[in-house]
Amino acid sequence: MLNYNLAVPEVDDAGVLAALVAEGDDLDVLVTAVDDWSIPTPAPGWTVAHQIAHLAWSDANALSALRTPDAFRAELARAEAEGSEHADKAAAEGAAKPRSVLLDEWRAGRADLAAALRDTPWDHASPWYMSEITPALMIPLRLMETWAHGQDVFDAVGVAHPPTDRLQHVALLGVLGRTLSFAAVGLPEPAGPFRVELTAPDGQTWVWGPEAAAQTLRGSAMDFCLGVTRRRPWSETDITATGKDAQKWLELARVFL
């Protein structure tokens, strides 16, 4: 089950919905300036068009889960039947559309999803893949996915992806995903405390965990997010791990199955 043990606040005090909208808008600016969406991205077999199609499809699924949960359960059944090929198939279908059509669909879908999330109670549970999900978790997950697939597009067109304070939401999922990381390979999560210290884009330090923890990860927030979203191997980041369990976590760390 997808469960980050994320404490659910009563409202969006962290402004994560605004961060999700801003992340999509930034990627929109980039892809609007790219005329050729057939450029390959780091994801094998996926072009820029595939990346945008995947985001549009994922947003549509999230919207369906919120507004028409019974219809979304049919999507869950298709996903189970098709397995790992399901997302690839949907991306290919979307990528085959004319660039202007796909761009308009992605824009409209982002706006509709943001409106639905804004109107849905923060703790309202909707069906989701392998779990149920509330807006409190869905929004940072959508932000993480938009940022990660956006990174693929930035890499594809050779443009640097400027880090922002929105990375804090992605990094939090990475920190909370420790249980998921070990469970994904059939291992129990180590019992001892961990500490994560990340240098934010503005030079501040984001910290999770007790100061006295023997197991620590340290480095830049950007590199941590690149690592947990599997956009860079850890060897190409500045993240360092102290302690045997922290080193194992670094090897396994992820934010999705």
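**Close-up 1. F224 is a buried residue of this predicted model, with a relative accessible area of 0%.** Buried means under 20% relative accessible area, exposed over 50%, and partly exposed in between (1.4 Å probe, protein chains only). This is a predicted model: local features need pLDDT of at least 70, side-chain atom pairs count only at pLDDT 80 or more, and totals for chains, interfaces and linings use all residues. Residues are numbered from 1 along each chain as its sequence is written, and side-chain values use heavy atoms, with hydrogens and water left out.

**Close-up 2. W128 and Y129 form an edge-to-face pair.** Rings of Phe, Tyr and Trp (its six-membered ring) pair if their centres lie within 6.5 Å; planes under 30 degrees apart count as stacked, over 60 as edge-to-face and the rest as tilted. The count by this rule is five aromatic pairs. The W128 and Y129 ring centres are 5.0 Å apart, with 75 degrees between the planes. W128 is buried, at 13% relative accessible area. Ring pairs also join F72, W128 and Y129 into a cluster.

**Close-up 3. F224 and W234 make a tilted aromatic pair.** Helices (H or I, at least four residues) and strands (E, at least two) are DSSP runs, numbered from the N terminus. W234 also counts as buried, with 14% relative accessibility.

**Close-up 4. Helix α3 spans residues 69-82.** Its 14 residues reach 20 Å from first C-alpha to last, close to the 20 Å expected at 1.5 Å a residue. That expected span is 1.5 Å times one less than the number of residues. F72, E75 and A79 are the buried residues of α3. They cover an arc of only 45 degrees around the axis, so they lie on the same side of α3. The arc is that of the directions from the helix axis to the C-beta atoms. D70, E80 and A81 are exposed on the other side of α3. The buried residues of α3 pack against α2 (48-67), α4 (85-95) and β1 (126-128); contact means heavy atoms within 4.5 Å. Just after α3, G83 has a positive phi of about 65 degrees.

**Close-up 5. The charged end of R110 sits over the ring of W106.** A charge sits over a ring if NZ of Lys or CZ of Arg is within 6 Å of the ring centre and within 35 degrees of the ring normal. R110 is 4.2 Å from the centre of the W106 ring. R178 lies over the face of W249, at 5.4 Å from the ring centre.
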